[in-house]
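Please go through the structure below with the text beside it.

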2 protein chains.
Amino acid sequence: MNEDAVLIVGSMAFDDLELPTTSAKNVVGGAATYASLAASLYSPARIVAIVGEDFAEKDIQALNKRGIDTDGVEHVKGRTFRWAGRYDANLAGRTTLDTQLNVFANFRPKLPRAYKSSEYVLLANIHPALQLEVLDQVESPKAVFADTMNFWIEGEPDLLAKVLARVDVLVINDEEARQLAGVYPLPKAARLILHRGPKRLIIKRGEHGALLVDEAGMFWVPALVLDDVVDPTGAGDTFAGALIGHLASTGDLSPAGLRKSLFVAAAVASFCVQAVGTAKLARLTKEDVAARIAQLKALTQLPV
Amino acid sequence: MNEDAVLIVGSMAFDDLELPTTSAKNVVGGAATYASLAASLYSPARIVAIVGEDFAEKDIQALNKRGIDTDGVEHVKGRTFRWAGRYDANLAGRTTLDTQLNVFANFRPKLPRAYKSSEYVLLANIHPALQLEVLDQVESPKAVFADTMNFWIEGEPDLLAKVLARVDVLVINDEEARQLAGVYPLPKAARLILHRGPKRLIIKRGEHGALLVDEAGMFWVPALVLDDVVDPTGAGDTFAGALIGHLASTGDLSPAGLRKSLFVAAAVASFCVQAVGTAKLARLTKEDVAARIAQLKALTQLPV
């Protein structure tokens with residue numbers, strides 16, 4: 001067990017959530033928040049992000065309590081990024097009701113000196129120009145993970161192409177994979193995307209789990225099948241954060257190592273969806289996760 | 001390897017298919033056709049069904065060539081059951097354009113004497129009253145599998161309840177499971193359904209595979225992730241047919257045995273969707289299937 005550090009760059013936000021069973025306002029969210037809480041279960045995690053004056057010191061301290069280094073969180077005048085969304089009755093789809101970039105509009109990630117030697121880097125979904133700026137500031141990362149979204153796939157294809165060429169593991173959802181590749185079948189989409197740079201592709205499929213495509217082929221990690229899914233917000237970022245955090249702790253990016261860490265990621269993400277925001281994630285222990293990994297194995301592994 | 005026989009009762013039909021990449025008319029289909037072709041790979045299969053004068057002798061012979069006993073196929077005056085449907089561009093959904101019951105409207109399943117001792121029985125999706133009539137004619141089956149649909153769940157709840165009480169393995173899709181149980185989360189739906197009689201429930205989820213719920217818990221068999229899905233018609237019946245056919249050959253309905261047979265079923269179903277109608281299924285060999293099972297294992301099984 002080494003202690004390689006994970007650098008996470010992405011949004012910190014307040015979310016207003018209209019969920020089938022409840023609704024909640026001003027929920028602390030953002031990709032960097034979810035991902036760092038998940039990663040910090042297994043490795044030292046540090047964030048580069050930006051927040052406004054409305055972001056409370058106690059919310060920063062909640063991250064610090066989990067060992068997350070928040071020296072890279074810039075505090076500026078104005079309001080924090082805000083997102084409001086409404087989920088379908090079955091939680092499969094969601095509609096964005098409002099997006100206020102606020103201070104996030106002027107985000108230019110600046111890495112504190114101590115962060116530049118980070119071994120594992122997760123570029124959450126931000127403008128690809130900013131993802132490139134981060135890569136220019138890290139010295140010699142062992143592995144770079146990146147996410148993106150339809151907005152950049154459509155609007156910034158050239159910059160995104162430059163990001164893809166420098167990424168080890170691309171982590172996107174199925175719709176994004178199809179849009180990025182311009183084809184519908186996922187195996188073909190994966191081949192086209194891997195041709196553009198990433199050594200490995202992970203396609204997130206919500207309640208249906210995730211597909212890894214790497215040099216050893218394709219691997220399907222399931223999602224736990226749960227009765228009490230409350231809020232899917234941040235599940236994908238939680239998955240990516242747990243994955244990179246666990247990989248940083250094992251240092252094993254081999255096909256076998258990656259497959260094992262995917263089970264950890266799916267287990268951590270299963271807790272995220274069972275409560276609003278980060279409520280459950282922020283209290284999680286490795287022992288909680290270990291019990292879920294056993295359930296995931298019972299769900300998928302054939303008796304020998 | 002014993003030679004327990006599989007009895008399949010269900011529709012034989014002509015389908016008109018509007019598919020994203022092609023369209024085809026008068027395609028030989030129906031649940032009994034797909035299921036018996038799949039089952040016959042592993043066990044002697046026999047069908048009880050009804051066809052009209054438009055059903056060609058060569059189409060019956062195509063089944064006989066695969067060793068399927070068609071003595072229980074009743075030939076009557078009139079036209080065979082016909083279904084016409086259009087699939088979405090991504091094949092996830094479909095719209096029924098036309099249904100003509102024709103001779104199927106007067107179907108009363110009559111088992112030839114030799115069929116009454118069948119050990120394994122698959123009641124494909126037909127009126128629950130007919131499913132009960134079949135059960136009254138079989139002597140002492142080792143295992144009864146049944147399918148149903150929204151139409152009977154809504155329209156014949158009492159008769160369907162009687163079927164459920166006599167079924168060992170219920171094989172339905174996720175929408176049907178939710179409708180039958182009246183709740184959305186699948187684990188809860190499964191508990192409610194198992195409370196009504198079936199010892200085991202298999203929930204088919206199309207491209208996302210299938211979930212088994214039995215006394216050992218929940219198990220998720222994946223679907224192969226394919227580039228060339230052409231026609232999903234009959235995939236669920238193929239899955240059920242291969243499952244019961246393989247189980248009849250192993251005789252092992254233990255949790256471990258059932259899980260292994262589910263991989264065979266998923267492998268056989270993966271061929272069904274790669275061609276229009278039964279084109280690929282009708283030529284399949286056990287060796288073809290074995291190669292696919294290896295792919296399914298690589299897709300899901302963790303390195304030890």
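In this predicted model, Phe145(A) touches Val121(A), Leu122(A) and Leu123(A), and also Asp168(A), Val169(A), Val171(A), Ala240(A) and Ile244(A), when residues up to four places away in sequence are left out. Phe145(A) belongs to the largest nonpolar core, a set of 201 residues. The residues with the most contacts inside that core are Ile8(A), Phe145(A) and Val268(A), together with Ile8(B), Phe145(B) and Val268(B).

The strands can be followed in chain B. An open sheet of nine strands runs in the order β5-β4-β1-β8-β9-β10-β11-β12-β13, and its pairing is mixed. The edges are taken by β5 (69–75) and β13 of chain B; each has a single partner strand, so one side of each is left without a neighbour in the sheet. From one strand to the next, the twist averages 15 degrees. Within this sheet, strand β10 (residues 169–173) of chain B and strand β11 (residues 200–204) of chain B run parallel and are joined by five bridges. Asn173(B) has Lys204(B) as its bridge partner in β11(B).

Another pair of strands in chain B forms a hairpin. Strand β6 (residues 81–87) of chain B and β7(B) run antiparallel, with six bridges between them. One of these pairings can be located by residue: Gly85(B) has Thr96(B) as its bridge partner in β7(B). Six residues lie between the two strands of the hairpin, and Leu91(B) there takes a positive phi near 70 degrees. How many of the seven residues of strand β7 (residues 94–100) of chain B are buried? The number is zero, so β7(B) lies largely in the open. Burial here requires 20 or more other C-beta atoms within 10 Å of a residue's own.

Positive phi values also occur in chain A. Asn26(A) is a residue other than glycine, yet its phi is near 55 degrees. Asn26(A) sits in strand β3 (residues 23–29) of chain A. With 14 other C-beta atoms within 10 Å, Asn26(A) is partly exposed. Asn102(A), also not a glycine, has a positive phi of about 50 degrees. Asn102(A) is placed in the loop between β7 (94–100) and β8 (120–123) of chain A. Asn102(A) is partly exposed as well, with 19 other C-beta atoms within 10 Å.

What remains is how the chains are arranged. Chain B is superposed on chain A by a rotation of 180 degrees with 0.0 Å of shift along the axis, and the RMSD is 0.0 Å. The two copies are therefore related as by a two-fold rotation axis. In chain B, the C-alpha nearest this axis belongs to Gln301(B), at 2.9 Å from it. The same surface serves both copies, since 100% of the contact residues of chain B recur in chain A.

Where the chains meet, 26 residues of chain B are in contact with 26 residues of chain A. On the side of chain B that touches chain A, the elements that give two or more residues are α7 (186–194), β13 (217–221), α9 (255–272) and α10 (286–300) of chain B. That side has 17 nonpolar, five polar and four charged residues.

Note on methods. Residues are numbered from 1 along each chain as its sequence is written. Chains are lettered from A and ligands numbered from 1 in the order in which they are written. This is a predicted model: local features need pLDDT of at least 70, side-chain atom pairs count only at pLDDT 80 or more; totals for chains, interfaces and linings use all residues. Copies are superposed by least squares on the C-alpha atoms of residues with pLDDT of at least 70 in both. Two residues are in contact if their C-beta atoms, placed from the backbone, lie within 7 Å. A nonpolar core is a set of buried Ala, Val, Leu, Ile, Met, Phe, Trp, Tyr and Cys residues joined through C-beta atoms within 7 Å. A residue is buried if 20 or more other C-beta atoms lie within 10 Å of its own, exposed if 12 or fewer, and partly exposed in between; C-beta atoms are placed from the backbone. Helices (H or I, at least four residues) and strands (E, at least two) are DSSP runs, numbered from the N terminus. Ala, Val, Leu, Ile, Met, Phe, Trp, Tyr, Cys and Pro count as nonpolar, Asp, Glu, Lys and Arg as charged, and the others, Gly among them, as polar. Two strands pair if DSSP finds at least two bridges between them. Axes are lines fitted to C-alpha atoms, for helices over the stretch in contact, and angles run from 0 to 180 degrees between N-to-C directions.
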